[in-house]
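User: I'd like to learn how to read packing in a protein model. Can you walk me through this one?

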Amino acid sequence: MKRVIPVLVLSVAGLIPVWRYEPSTGTTSTTEAASTPSVSSSTSSSGSAGSTTFTGTTVATEKGDVQVQVTFEGDKITAVRMLKQPNHPQTTAAVPKLIAETLAVQSAEIDTVSGATLTSDGYKESLQAAIDAEAAAASASPSASAAASASRTVAGSTVATEKGDVQVQVTFEGDKITAVEMLKQPNHPQTTAAVPKLIAETLAAQSADIDTVSGATLTSDGYKESLQAAIDAKGA
C-alpha cells in the first residue's frame, strides 16, 4: 500500500492540466452550428405550449463568434443557450455567469464578466437581437387576450311565430354574451313583458338554454331559436 498511494497521487496530478484546458462540453455550449446570421424564431419543441425560441445574430469577436438562443414563456426569458462561443477557458468560465445574470435581470443590461470582455460584449449584442426579435413578433400579431376581448355583434335568424316574427341580435366580448337586442318581436303586451326576462336569463345563463316565460310561449320559443342561431354563427 505504501507504494500504491504515491503512484495514484502522481496519476491524478498528471491529469489535472489536461482537464483544466479541455474545451467545454457543458450545457452552456453546443457543437451545433447556426447557419443563419440573421435573427430567426421558432416554437420551442421542448418547452411548454406557450414557449417560443429566438436566435440572436452571430457576433464576430477577436476570440471567435458568439451567438445565443433565447427561450421565452410569454415575455419572460426562461432559458439561454450558447450556439457559438470562443474556445477559450475564460469564455467557458464567463458563460454561466452571463446566462445567470440574464435570467435574473430579464434583459441584456448585464455586467461584463472580468477577463472575458469580448465574449461578454458579443453575448449582450446577440442577446439583445433575440430580445428585439421576440418583441417584434409579439407586436406583429394581436395577443390572445386582445383577440379574446374583441367585441362582435351577430344577428340570429328571423323566426316566424303565430304572433309575429322574432329576431335577436347578440353582442359578444370574446366568448361572453354581453348584450341582447330584439330586432323583431310581436306587437303584443305579453311579448313586451317577456322580453326583458328572456334577455336577463340569457345574460345569466350565457346560452340559449333558458326557461320559457309563462304566457309568452311562442315568443320564448322563437327567441331561443334565434338566439341559438346567433351563438352558432359566432362560433362559425
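User: Which residues does Val70 touch, not counting residues up to four places away in sequence?

Analyst: Quick housekeeping: this is a predicted model, where local features need pLDDT of at least 70, side-chain atom pairs count only at pLDDT 80 or more, and totals for chains, interfaces and linings use all residues. Residues are numbered from 1 along each chain as its sequence is written, and side-chain values use heavy atoms, with hydrogens and water left out. Contact means heavy atoms within 4.5 Å. On that basis, Val70 touches Thr52, Thr53, Phe54, Ile77, Ala79, Val80, Leu127 and Ala130.

User: How many residues does the largest nonpolar core have?

Analyst: In soluble globular proteins, nonpolar side chains tend to be buried together. A nonpolar core is a set of buried Ala, Val, Leu, Ile, Met, Phe, Trp, Tyr and Cys residues joined through side-chain atoms within 4.5 Å, where buried means under 20% relative accessible area (1.4 Å probe, protein chains only). Here the largest one has 21 residues, and Val68, Val70, Val80, Met82, Tyr123 and Leu127 have the most contacts inside it. β4 (65-73), β5 (76-84), α2 and α3 each give two or more residues to this core, and α3 gives the most, with five.

User: At what angle do α2 and α3 pack?

Analyst: Axes are lines fitted to C-alpha atoms over the stretch in contact, and angles run from 0 to 180 degrees between N-to-C directions. Helix α2 (residues 89-105) and helix α3 (residues 117-140) pack at about 40°, with axes 10 Å apart. Thr91, Leu98, Ile99 and Thr102 in α2 meet Thr119, Ser120, Tyr123 and Leu127 in α3.

Note on methods
Helices (H or I, at least four residues) and strands (E, at least two) are DSSP runs, numbered from the N terminus. Buried means under 20% relative accessible area, exposed over 50%, partly exposed in between (1.4 Å probe, protein chains only).
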